[in-house]
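Welcome, and thanks for taking a look at this one with us. Please keep the structure open beside you as you read.

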Amino acid sequence: MEKNLLFSVFPNENFVDLSLYQYGWEHCAPSHSYGPAARNHYLFHYVISGTGLLMSNDSSGRTNTYQIRSGQGFMIFPKQINTYIADETLPWEYAWIEFDGLKVKEALEIAGLTMDSPIYHSNVRDLSAELKNEMLYIAQHSDQSPFHLIGHLYLFLDYLTRSSSSRRLLQGGRMRDFYIKEAISFIEQNFQNDISVEDIAGFCSLNRSYFGKIFRDALGKSPQEFLINYRMSKAAELLKLTELSIGDISNAVGYPSQLHFSRAFKKIHGISPRQWRNENKAVKPNRREPERSPR
């Protein structure tokens, strides 16, 4: 690679099980730092060469410092305050990927990566090399289709879980998984209606408090947070692909009040629906008249 930095934003957020947000590669300058900051999604760095420091909060809010070298990686969790700094004499080169989705929490549990244990170590050199290759492939092929890149993201997660030295097998959870799938199916089919968490829990025949607990345990989000994110993902799709008015889109994703919709959208995407549409509107190909065959 001739450049010192590759950076891309994933163009499609309509993948529920697993989605990309941003990804890239960088050979950092000495003492280059980022933070303190918090992310909205999961962010993984794999260190290709060099070394650096990670300072991140654990589940109790205490800040821990880790020295990380080539062949290792570190996971940053949503809402976790962190800072990372390249070494001043041997600055690191890393690939990084920001992702989220229904499958992520289980994958990280299998890999043994938590806020209290965020450092990736591998005892399987071949698999960790494949993990690095998948991350670099994604960073270098941002022009590929969303389905293509999501496929490589699945391969990345597979190598992450199989190569992690803290890997463990999950026990049970089949009944919980059934309820979660039922809840997600209900949301997918009814997000445009005026539904509440009580409605979703009732559909699953579960107490709201218990339902909320198993949902958060499984996905890392409350049912309300998931419903809002799902609605805003659908809203972004309609803003990009249709000519519907903001008011019509608001109604289409379950918000009779356009004001409430705009506030919710801005909280998730950081900008208003109108501004998001202006920046992301799909360009329609020019229509060409069919060529007439010679007579």
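Let us start with Pro36, which is found in strand E3, residues 33-37. Keep in mind that this is a predicted model. The peptide bond that leads from Gly35 into Pro36 is cis, and its omega is near 5°.

The loop between strand E2 (19-27) and E3 holds Ser31. Here the backbone has another feature to look at: phi of Ser31 is near 65°, a positive value in a residue that is not glycine.

## Helices H2 and H3

Next, please turn to helix H2 (residues 125-140) and H3, whose axes come within 9 Å and cross at roughly 155°. Angles over 145 degrees count as roughly antiparallel, so H2 and H3 are roughly antiparallel to each other. The crossing in which H2 passes H3 is left-handed.

On the H2 side, the contact is made by Leu127, Ser128, Glu130, Leu131, Glu134, Met135, Tyr137 and Ile138. H3 brings His148, Leu149, His152, Leu153, Leu155, Phe156, Tyr159, Leu160, Arg162 and Ser163 to this contact. Sorted by class, the contact of H2 with H3 has 11 nonpolar residues, four polar ones and three charged ones.

## Helices H7 and H10

How do H7 and H10 pack, and at what angle? Helix H7 (residues 223-241) and helix H10 (residues 273-280) have axes 9 Å apart, and they pack at an angle of about 55°. H7 and H10 are therefore oblique to each other. H7 passes H10 in a crossing that is right-handed.

The residues that make the contact are Ala236, Leu238, Leu239 and Lys240 from H7, together with Pro273, Trp276, Arg277 and Asn280 from H10. By class, the contact of H7 with H10 has five nonpolar residues, one polar and two charged.

## The second largest pocket

Finally, have a look at the second largest pocket, with a volume of about 470 Å³. It is lined by 20 residues, and the closest to its centre are Leu102, Lys103, Glu106, Asp177 and Lys181.

Which helices each supply at least two residues of the lining of the second largest pocket? They are helix H1 (104-111), helix H3 (146-163), helix H4 (174-190) and helix H6 (208-219). H3, then, takes part in this lining as well as in the contact with H2. By class, the lining of the second largest pocket divides into 10 charged residues, nine nonpolar and one polar.

Definitions and conventions. Residues numbered from 1 in each chain as written. Predicted model: local features only at pLDDT ≥ 70, side-chain atom pairs only at ≥ 80, totals over all residues. Heavy atoms only, no water. Axes fitted to C-alpha atoms, helices over the stretch in contact; angles between N-to-C directions. Helix = DSSP H or I, 4+ residues; strand = E, 2+ residues; numbered from the N terminus. Parallel < 35°, antiparallel > 145°, perpendicular 65-115°, else oblique. Left-handed = near helix turned anticlockwise from the far one by under 90°. Contact = heavy atoms within 4.5 Å. Nonpolar A, V, L, I, M, F, W, Y, C, P; charged D, E, K, R; others polar. 1 Å grid on protein atoms, 1.4 Å probe; cavity = no way out; pocket = protein on both sides within 12 Å on 5 of 7 lines; lining within 4 Å. Points joined across faces, edges and corners; volume = space filled by probe spheres on them.
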